[in-house]
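Visitor: Before I use any of the labels attached to this structure, I would like to hear the criterion behind each one. Could you take me through them?

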Amino acid sequence: PGKKPDTASYKEYIGMIYQNSSGMLDLVNDILDIAKLQAGKFEINMEPGNIAEIIDNRMKFFEVSANDKKIKLNSFISPHIPKTAFFDVQRIKEVLNNLISNALKFTKENGVISISAFVHDANASIESEIKKIKLNLPAPLPEEVFTKIANSLVVVISDTGSGIVKEQIGQLFSKFKQLNNKEFVSNVKGTGLGLAIGKGIVEEHKGQIGVVSEVGVGSAFYFVLPLLLAGKS
C-alpha cells in the first residue's frame, strides 16, 4: 500500500485542487457572461441597494490582501448618497471586485488605493465636484461622460500604481486584453475578461465606465450609474 500523505501535505493538495477548480469555474462563468453580452442576452436584476454599505463590505473583504501587500485602502462616501437606489447589487459588487483587485495587482508596497462614491449633479461640473471632495486623481475625469447622464451615482477607484500608457487605455475594456506591464506581468494572472464584463454590466445600467491614468503616477477607474430612486424610472 502507498504511503499516506501527512496532514500538512493533504491540506496543501486539497487547497491546490480547490484553487484550480475555483479558477476554472470563474473562467467558465466569465466566458458565459461574454457570450451573453455578444448575443444581447445579458440581463441585470434591478433592486434596491445601498452603495455605501456595498463599498464598506468590499473594503473589509480586500483588507487582508491590502495589508499583506502593505497597501493603504481608503474610502470616501459622500453623505449626500441616498441610502437606497436601484441597481443590480450582485453585478455592481462584481464590478467593484474586479476594479479593486486590479488596483491591488498593479500597486506596489506602501501604495494607496482610494474608493470614492458621490452623487453627480447634472448642473455641476465633475471637476468642481472632485475638488469639493478633495480627491486627488492622476488625470481629470472627462466632462463629456458626465453631461450625457443627468443626476448620477459616481464611483472612482484610484491608485498610486504604475499607470497605463495611452496606447493601451483604448484596449483595456476589450475581451481577453490584459495590461502589458513588464514590472507586474509575471505576478498577474487572469482571463482578461473582467473589464469587458464590467463594461457590459455598467452599460446595461445605461451607465458609463472608463479610466484616466498617467504612467508613474497611477490610475483611476470610474463608473457612473443613473441615479434611480424609489418612484422614479
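Visitor: How many aromatic pairs does the structure hold, and what makes two rings a pair?

Guide: The structure holds three aromatic pairs, where rings of Phe, Tyr and Trp (its six-membered ring) pair if their centres lie within 6.5 Å, with planes under 30 degrees apart counted as stacked, over 60 as edge-to-face and the rest as tilted. The rings of F61 and F62 have centres 5.0 Å apart and planes at 85 degrees, so this pair is edge-to-face. This is a predicted model, in which local features need pLDDT of at least 70, side-chain atom pairs count only at pLDDT 80 or more, and totals for chains, interfaces and linings use all residues. Residues are numbered from 1 along each chain as its sequence is written, and side-chain values use heavy atoms, with hydrogens and water left out.

Visitor: Why is the pair of F173 and F221 called edge-to-face, and what does the pair tie together?

Guide: The centres of F173 and F221 are 6.3 Å apart and the planes stand at 65 degrees, which means that the pair meets the limits of within 6.5 Å and over 60 degrees. F173 lies in the loop between α6 (166–169) and α7 (194–204), whereas F221 belongs to strand β7 (residues 218–226), so the pair ties together parts that are 48 residues apart in sequence. Helices (H or I, at least four residues) and strands (E, at least two) are DSSP runs, numbered from the N terminus.

Visitor: Are F173 and F221 buried or exposed?

Guide: Buried means under 20% relative accessible area, exposed over 50%, and partly exposed in between (1.4 Å probe, protein chains only). F173 has 14% relative accessibility and therefore counts as buried, and F221, at 9%, counts as buried too. F62 counts as buried because its relative accessibility is 7%.

Visitor: How do you know that the charged end of R58 sits over the ring of F61?

Guide: A charge sits over a ring if NZ of Lys or CZ of Arg is within 6 Å of the ring centre and within 35 degrees of the ring normal. The charged end of R58 is 4.7 Å from the centre of the F61 ring, and it sits over that ring.

Visitor: What makes a set of residues a nonpolar core, and which members of the largest one touch the most others?

Guide: A nonpolar core is a set of buried Ala, Val, Leu, Ile, Met, Phe, Trp, Tyr and Cys residues joined through side-chain atoms within 4.5 Å. The largest has 40 residues, of which L96, V155, I157 and F223 touch the most other members. Several elements, including α3 (89–105), β5 (152–159) and β7, each supply at least two residues of this core, and the largest share, eight residues, comes from α3.

Visitor: Why is H205 called buried, and what is it in contact with?

Guide: H205 lies in the loop between α7 and β6, and it counts as buried because its relative accessibility is 6%. Leaving aside neighbours within four places in sequence, H205 is in contact (heavy atoms within 4.5 Å) with I44, M46, F87, D88, I92, L225 and P226.

Visitor: What pLDDT does the chain average, and where is the pLDDT below 50?

Guide: The chain averages a pLDDT (the predictor's confidence in each residue, from 0 to 100) of 82, and 75% of the residues score at least 70. Over residues 184–188 the pLDDT is below 50, although this stretch has seven contacts in the model beyond near neighbours in sequence. Where pLDDT is low, the predicted coordinates should not be read in detail.
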